[in-house]
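Keep the structure open next to you as you read.

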Amino acid sequence: ADAARLQPNSPETRNNYGAILLRLGRKTEAAKEFTASLAANPKQASALVNLAQILVSENDSQAARRLFERAKIIE
């Protein structure tokens with residue numbers, strides 16, 4: 001949390017913090033971090049995949065598929 005607060009424009013830092021939150025079961029907060037990561041770098045493939053995984057768990061497969069496809073194009 002401190003790293004994300006100290007480096008709010010770092011897509012990697014925000015994505016990593018989101019991944020930690022996701023592992024703790026804090027999906028809403030994690031999604032905000034992944035979204036912030038993508039705002040800083042729309043081509044952050046790992047943030048796209050992480051956010052898509054949340055959408056899959058919430059049964060939003062169409063939105064998840066779009067994010068997975070964007071991540072695939074980037075890599």
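How far apart do the axes of H2 and H3 come, and at roughly what angle do they cross? Before the answer, some housekeeping: this is a predicted model, in which local features need pLDDT of at least 70, side-chain atom pairs count only at pLDDT 80 or more, and totals for chains, interfaces and linings use all residues. Residues are numbered from 1 along each chain as its sequence is written, and side-chain values use heavy atoms, with hydrogens and water left out.

Back to our pair. The H2 and H3 axes come within 8 Å and cross at roughly 165°. Axes here are lines fitted to C-alpha atoms, for helices over the stretch in contact, and angles run from 0 to 180 degrees between N-to-C directions. The helices themselves are DSSP runs (H or I, at least four residues), numbered from the N terminus. H2 and H3 are therefore roughly antiparallel to each other, a label for angles over 145 degrees. Their crossing is left-handed, meaning that the near helix is turned anticlockwise from the far one by less than a right angle.

Which residues do the touching? On the H2 side they include Tyr17, Ala19 and Leu22, and on the H3 side Ala30, Phe34 and Ala40 are among them. Contact means heavy atoms within 4.5 Å. Sorted by class, this contact has nine nonpolar, three polar and four charged residues. For that count, Ala, Val, Leu, Ile, Met, Phe, Trp, Tyr, Cys and Pro are nonpolar, Asp, Glu, Lys and Arg are charged, and the others, Gly among them, are polar.

Now step along to H3 and H4. Their axes come within 9 Å and cross at roughly 145°, again in a left-handed crossing. H3 brings residues including Ala31, Phe34 and Leu38 to this contact, while H4 brings Leu48, Leu51 and Ile54, among others.

Next come H4 (residues 45-57) and H5 (residues 61-74), which pack at an angle of about 160° with their axes 8 Å apart. That makes H4 roughly antiparallel to H5. H4 passes H5 in a left-handed crossing. Among the contact residues are Leu48, Leu51 and Leu55 of H4, and Leu67, Phe68 and Ile74 of H5. This contact has 13 nonpolar residues, plus one polar and one charged.

What sits inside? The largest nonpolar core has 18 residues, and Leu51 and Leu67 have the most contacts inside it. Such a core is a set of buried Ala, Val, Leu, Ile, Met, Phe, Trp, Tyr and Cys residues joined through side-chain atoms within 4.5 Å. H2 (11-23), H3 (27-40), H4 and H5 each supply at least two residues of this core, and the largest share, seven residues, comes from H4. Leaving aside neighbours within four places in sequence, Leu51 is in contact with Ala31, Phe34, Thr35, Leu38 and Leu67.

Ile74, in H5, counts as partly exposed at 32% relative accessibility; buried means under 20% relative accessible area, exposed over 50%, and partly exposed in between (1.4 Å probe, protein chains only). Ile74 and Ala45 are 29 residues apart in sequence and 6.5 Å apart in space, C-alpha to C-alpha. Over in H2, Ala19 counts as partly exposed at 28%. The C-alpha atoms of Ala19 and Asn50 are separated by 7.3 Å, with the two residues 31 apart along the chain.

Terms used: Parallel < 35°, antiparallel > 145°, perpendicular 65-115°, else oblique.
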